[in-house]
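Dear colleague,

Please find the structure below, together with its sequence. I would be grateful if you would read the notes that follow with both in view.

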Amino acid sequence: MATTTLAPRATTYRGRAWIYEWLTTTDHKKIGAMYITTAFLFFLLGGIFALVIRSELAVPGVQFVDPETYNQLFTIHGTTMIFLFVMPMMTGLANYIVPLQVGSADMAFPRINALSFWMVPFGGLLLFSGYAVGGAANAGWTGYAPLSEQGGAGIDLWIASLVLLGMSSVLGAINFIATIFKMRAPGMTLMRMPMFVWNTLVTSVLLLFSIPVVTSGLMMLFIDRNYGAGFFDPSQGGNPILWQHVFWFFGHPEVYILILPAFGIVTEIVPVFSRKPLFGYKAFVLATAAIGALGFTVWAHHMFTTGAVYLPFFSFFTFLIAVPTGIKFFNWLGTMWRGKLSIKSPMLFSLGFIALFLIGGLDGAFLAVVPFDFHVQDTYWVVSHLHYVLVAGAVFGIFAGLFYWFPKITGRMLDERLAVWQFWLLFIGTNLAFFPMHLLGLDGMIRRIVDYAANPGWTELNFLSTIGAFMIAISVVPFLWNVFITLRKPRTAPDDPWDAYTLEWATTSPPPSYNFDALPPVRSERPLFDLKHRADGAHAAAVPALASTTQGESTPGEPPALPESTEAHATDAEAGTSEPGGEGKSK
Amino acid sequence: MNLPQVEQDDPGGHISHGVNTALLGMLLFIGSEVMFFAGLFGAYFNTRAAAQAMGQPWPPEGLQDVIEPTLVPITATVILVLSSVVMQWGVWRIRKGDRTGMNRALLLTLIMGIVFLSLQVYDYLTLVTEDGFGINSGIYGSLFYTMTGFHGAHVFGGVVGITVVLLRGLTGQFSAKHHIAVEAVSVYWHFVDIVWIGLFFTLYFLK
């Protein structure tokens, strides 16, 4: 064995400066960590914008910001939260976790992965540089023409930023799809993939086919603004409604792009903390695929009041989406039913997600009713709905995922007591901030206006909403403190702290750069459960045993065959054991 | 290590059959590009339908016969379609291990791509100077120049790609077994060709 040179890098590798290592890394775990950190910083920034908005709206009248500043505030708040927080955060978690869950050494295209990441901070820089050139974009995150045809250079920078972030997402989507289809562990058929992987796959397909459409629209807008074209200008024969079509053809799949990864996270967590397999695995997969497919058929439900779309078609398909979403709720409830629940922090946030996302989902079904939609178009009802799915949905899902995978990523366990504080502040704050908006919307309060009439009840509801927004902001403090004190502690987290089912827990915490020395056999969607409860009596301790061998990575007697070695590629053609497509054999 | 080793000789766990990973990446990328052009085509047909619904002529008044299938666009189209054939010939050569034949085919494809771009520039200049038809000549000009312009940008991207694989071929890279970059660039080139056929029939004949 001494003659084998499967891992020549181990001897020739010279340590590099810390900063150089992070700037040039192509390791999916480092890139994932950078995505998560960057996204969280933008979350804080977007949150500050939200606080200014809510402070302004606390009472009627114009107190802190003038109307133009306010327009920029809600535009940058929305764009930041969607494109610079939720999307990079989900991409970051998927970047870290998906290759581990499919038992791969890295993503399919590691350098393109690095490129995708570095486009994100530069996209953010472009967006915020609007403030340096006389005012950021002010046409809302939807950038409706003809409003977006006017305005200063801030809107051009907004366009450039979205095109860059879109490219980043498309390249990321290609990478995830290739990774999931080509890099799965032997035995991991499609119907044995962890549910987070399934949701990332469907999300990536949505990204791949929806982002380029809005990119074409953004290009048209840019050409209109700068080269005298008239795509959205009726005086030249153009049509402003066209913008709404290209925008929402992306914009509605985008909604599922934001929420499907959160579904995936919650569906990883609920079975583990119920000590049961997922109830209805196949139904869940089909529901996820159905949501993805239906996502492309409903874009014009954002445009009911334009009078330019066929209402029954889009209304019907919008209702139809409630079916697969409802199936998912049954999956979660059925998994918890008679399970041995343990309410640790990831489960706590997942339960919060399930409870509150239900409200957001039901709001959506209301909006599918055409006459009702006519009544609440552009009111705070819509603001309430989208915040119930994005804050109560995506944000709760993200925190559930962060608490769940923090020990894997850092080797340290977050404090449970602080998590409980954070959860209740966030839970109450979210409801306090966004529930009153339902009532305001029904009462006719229009969104995106700096001021409102002191109608009976409006002031009180708005004031409540502002208190809720500050509670959400305060809820971040225990989390930051939690992360701060935990990172100062030694790495004591076990490899598999939650007694979980999927492959990411079969390696050390944090994993070595090559992820796995050896993979357990994959014979179901819960390979680690199979490993711990093998029929041959080798109970428990199977995973710690694996850990003890991987940690001594200095000079193991038999150097493990590194997955990235080219020789592996040459030989695995003959292995023929990976049997994908054998879904029928999974049980 | 007492972990059960089911696949001793498959350490990476990669799935090695089916389409090559890099080629899959290119195919997915082309999928996204299809949607980009779908957005532009959607804009064209949306605008056209809106004009016709209001009883206005399409193309708009005064621009009825600006875009005609004259000698220059037809020549350009024939050259681009043929270049796809030449490209495929190059792929077939390298699949047989004939690198010299591939290099010749790549060089010819490259020249044909550059000729196409030159003819497009010539066509643009003629339209602007003789017909006064620019990107700001109403929605019709916006659509024509944006659609053909983005296609031209993609042809340019293909030309860059062909240049790269040609240079690699000239330095002795690629063999019958290892030439995935050539395959990927050729698929991209065919895609660019097919988009042009769609654009040509839409803009010059269907209108």
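Chain B has a radius of gyration of 22 Å, whereas a compact globule of 207 residues would have one near 17 Å. The model is a predicted one. Along the principal axes, the C-alpha atoms of chain B fill a box of roughly 80 × 40 × 20 Å. Chain B contains five helices and zero strands, so that its elements, read from the N terminus, run α-α-α-α-α.

Chain A is assigned two domains: domain 1 covers 30–487 and domain 2 covers 503–581. The centres of domain 1 and domain 2 of chain A, taken over C-alpha atoms, are 35 Å apart. To their contact, domain 1 of chain A gives 22 residues and domain 2 of chain A gives 23 residues. On the side of domain 1 of chain A that touches domain 2, the elements that give two or more residues are helix H4 (67–101) and H13 of chain A. The residues of that side of domain 1 comprise 13 nonpolar, six polar and three charged.

Helix H13 of chain A (residues 380–410) also meets helix H11 of chain A (residues 345–368): their axes come within 8 Å and cross at roughly 160°. Because angles over 145 degrees count as roughly antiparallel, H11(A) is roughly antiparallel to H13(A). The crossing of H11(A) and H13(A) is left-handed. In the contact of H11(A) with H13(A), 15 residues are nonpolar, nine are polar and one is charged.

Yours sincerely

Definitions and conventions
Residues numbered from 1 in each chain as written. Chains lettered and ligands numbered in written order. Predicted model: local features only at pLDDT ≥ 70, side-chain atom pairs only at ≥ 80, totals over all residues. Axes fitted to C-alpha atoms, helices over the stretch in contact; angles between N-to-C directions. Helix = DSSP H or I, 4+ residues; strand = E, 2+ residues; numbered from the N terminus. Parallel < 35°, antiparallel > 145°, perpendicular 65-115°, else oblique. Left-handed = near helix turned anticlockwise from the far one by under 90°. Nonpolar A, V, L, I, M, F, W, Y, C, P; charged D, E, K, R; others polar. Domains from an automatic or database assignment. Contact = placed C-beta atoms within 7 Å. Rg over C-alpha atoms; globule rule 2.2 N^0.38 Å.
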